[in-house]
Amino acid sequence: MVVDPSNGKLLGEIKGLNRAHGVAFAYHAGHGFVTSGEDSTVYMFDLKTLRVLGKTVAAVDDDAILYDDASNRIFTMNGDAGSSSVIDPVTGKLITNIPLDGKPEFGVSGGNGKVYANIEDKSQIVEIDTRTMKVVRRWPLAPCQSPSGLAIDRAHMRLFSGCHSKVMAISDIKRGAVVGTVPIGSGVDANKFDPGTGLAFSSNGDGTITVAHETKPGTFAVL
């Protein structure tokens, strides 16, 4: 469903999806992409007309999806397949599938030629080089277990992983290590970071939103 945020009016719908999940935008190409996880496909649509332009088979359980501006590519996170599919944003065609050695949930682009993803079943972060399309680094998220939502602070190179063990784990990307945690609600799915306020958010399945902030370097607290 496509909604005008200024007035809440429904502008249109992109139909035919089977368990739709994530949406990504390649503005320079005028294309949007949405995952259809039940049939392992990605739909490409026109951002102006919302008309579906084509479908590409990605991999089983394609879920989260993002656009990486450094490589000009679309990346999906395929949970059951344990991979990330790479798609050309102009043609909508599959480039390759990257094995991730685990079940990915959310992913984010660092804007630095790297994509980061939570690996839910191993409680890890993987770092993907978007040019070579290979995993180049991974690190554990302990005490976090079963990470789902993921957000990034690009300016300070921090990741915020929402974990089903009721914590948000904050990683320092340069060090490749967890530098702090804060408690959150249960059943977390999505995370978001607001660079304007420096606040990190987790949306939790218990009907709450947790708001966290770095009160001083290396110290994090729930607001």
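**Exercise 1.** In which order do the four strands of the open sheet stand, and is the pairing parallel or antiparallel?

*Solution.* Keep in mind that this is a predicted model. Start with the order: the open sheet runs β3-β4-β5-β6, with antiparallel pairing. Next, check the ends. β3 (20-26) and β6 (52-57) are the edge strands with a single partner each, so one side of each has no neighbour in the sheet. Finally, zoom in on one pairing. Strands β4 (residues 31-36) and β5 (residues 41-46) are joined antiparallel over six bridges, and Val34 sits opposite Tyr43 in β5.

**Exercise 2.** Work out how the rings of Phe25 and Tyr27 are arranged.

*Solution.* The structure has three aromatic pairs. In this one, the ring centres of Phe25 and Tyr27 are 5.7 Å apart and the planes meet at 20°. Planes under 30 degrees apart count as stacked, so that's what this pair is. Now for accessibility: Phe25 comes out partly exposed at 35%, while Tyr27 is exposed at 64%.

**Exercise 3.** Now take Phe160 and Phe193: which parts of the chain does the pair link, and is Phe160 buried or exposed?

*Solution.* First the geometry: this pair is stacked too, at 5.3 Å centre to centre with 10° between the planes. Next, locate the partners. Phe160 is in strand β16 (residues 158-163) and Phe193 in strand β19 (residues 188-194), so distant parts of the chain, 33 residues apart, are linked. Last, apply the cut-off: buried means under 20% relative accessible area. Phe160, at 6%, is buried, and Phe193, at 12%, is buried as well.

Notes
Residues are numbered from 1 along each chain as its sequence is written. This is a predicted model: local features need pLDDT of at least 70, side-chain atom pairs count only at pLDDT 80 or more; totals for chains, interfaces and linings use all residues. Side-chain values use heavy atoms; hydrogens and water are left out. Two strands pair if DSSP finds at least two bridges between them. Helices (H or I, at least four residues) and strands (E, at least two) are DSSP runs, numbered from the N terminus. Rings of Phe, Tyr and Trp (its six-membered ring) pair if their centres lie within 6.5 Å; planes under 30 degrees apart count as stacked, over 60 as edge-to-face and the rest as tilted. Buried means under 20% relative accessible area, exposed over 50%, partly exposed in between (1.4 Å probe, protein chains only).
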